[in-house]
Amino acid sequence: MSSVKNARFLPLVAAGIVMMIALLVGCATPADPGPSPRTASSDTVPAPAESVGPTESTGENAVGAGSPPIRIEIAAIGVDSGVMGLGLRADGTMEVPPGGFPAGWYTGSPIPGSLGPSILAGHVDWGGSAGVFYRLGELNKGDAVVVTSSDGQQVRFDVTAVEQYPKNEFPTQSVYGDIDHAGLRLITCGGQFDSGAASYDDNIVVYAARV
């Protein structure tokens, strides 16, 4: 890859320290814990300190690659959800959806279907009910993920890997780093629920590539 392209993706790696901090405090349980830890928490995901991807959503990448996503469908696990935009909070961490649905697309990452790793995050559960990505860990290699943009175009991705990482071993480079194709990263929480920390121990990351 050219040095220019690598430079455009530099923020992916530079955000690593803040991402790791976010991992330690993610997946907090809401005020109403519901019937069980597995279906009770309000999970969060690794959060970049700055733009994740070659451009902001209003920059070169967005103009050249279509419109922002508004819907995600994953037939293998029964997902058919809207997609909202997620920006950055004042402290530099990434916003998360305000409830179990919908999923959220980080607007600082590439539009799904364009070059680079597009980032979609969703809760595993919320207030005692399953969230949009409750079954994310059940996906298998080859399963289809279809993302629809606001202009009506659909982009299909095929799952290439499903991984589960301890939060203190989150692979920032693998998830957010430079890639030579149009990729998708779906992120939620997983593993055991630590009631003392009000947090899940792990993160589940699904890697997918545009067909």
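Which residues does Ser118 touch, not counting residues up to four places away in sequence? Select Ser118 and its surroundings, taking contact to mean heavy atoms within 4.5 Å: Ser118 touches Trp105, Ser109, Pro110, Ile111, Pro112, Gly183, Leu184 and Arg185.

Before going further, note that this is a predicted model, in which local features need pLDDT of at least 70 and side-chain atom pairs count only at pLDDT 80 or more, while totals for chains, interfaces and linings use all residues. Residues are numbered from 1 along each chain as its sequence is written, and side-chain values use heavy atoms, with hydrogens and water left out.

**Ser118**

Ser118 sits in strand 4, residues 116-121, where strands (E, at least two residues) are DSSP runs numbered from the N terminus. Ser118 counts as buried at 1% relative accessibility, buried being under 20% relative accessible area with a 1.4 Å probe and protein chains only. Show the side chains next: that of Ser118 makes a polar contact with the side chain of Trp105 at 3.2 Å, and a polar atom of the Ser118 side chain lies 2.8 Å from the backbone oxygen of Pro110. A polar contact here is a pair of N or O atoms within 3.5 Å; within protein, one must be able to donate a hydrogen and the other to accept it, and residues adjacent in sequence count only if both atoms are side-chain atoms.

**Strand 1 and its partners**

Move to strand 1, which is joined to strand 7 by 4 bridges in an antiparallel arrangement, and to strand 2, also antiparallel, by 4 bridges; two strands pair if DSSP finds at least two bridges between them. Pro69 stands opposite Ser149 in strand 7, whereas Arg71 has Gly82 in strand 2 as its bridge partner. In the hairpin of strand 1 and strand 2, with 4 residues between the strands, select Gly78, which takes a positive phi near 70 degrees.

**The nonpolar cores**

A nonpolar core is a set of buried Ala, Val, Leu, Ile, Met, Phe, Trp, Tyr and Cys residues joined through side-chain atoms within 4.5 Å. In the largest, which has 23 residues, the members that touch the most others are Ile72, Ile74, Phe133, Leu136, Val145, Leu184 and Leu186. Among the elements that give two or more residues to this core are strand 1 (69-74), strand 7 (144-149) and strand 9 (182-194). Centre the view on Ile74, which touches Val79, Phe133, Leu139, Ala144, Val145 and Leu186, not counting residues up to four places away in sequence. A second, separate core of 11 residues includes Tyr106, Ala121, Tyr165 and Val205.

**An aromatic cluster**

Select Tyr165, Phe170 and Tyr176, which form one aromatic cluster. Rings of Phe, Tyr and Trp (its six-membered ring) pair if their centres lie within 6.5 Å, with planes under 30 degrees apart counted as stacked, over 60 as edge-to-face and the rest as tilted. By this rule the count comes to 3 aromatic pairs. Tyr165 and Phe170 are edge-to-face, 6.2 Å centre to centre with 75 degrees between the planes. The centres of the Phe170 and Tyr176 rings are 6.3 Å apart and their planes are at 50 degrees, so this pair is tilted.

**Confidence**

Finally, colour by pLDDT, the predictor's confidence in each residue from 0 to 100: the protein averages 78, and 69% of the residues score at least 70. Over residues 1-42 the pLDDT is below 50, and it stays under 50 over residues 49-64. Where pLDDT is low, the predicted coordinates should not be read in detail.

Note on methods: Buried < 20%, exposed > 50% of the residue type's maximum accessible area, 1.4 Å probe, protein only.
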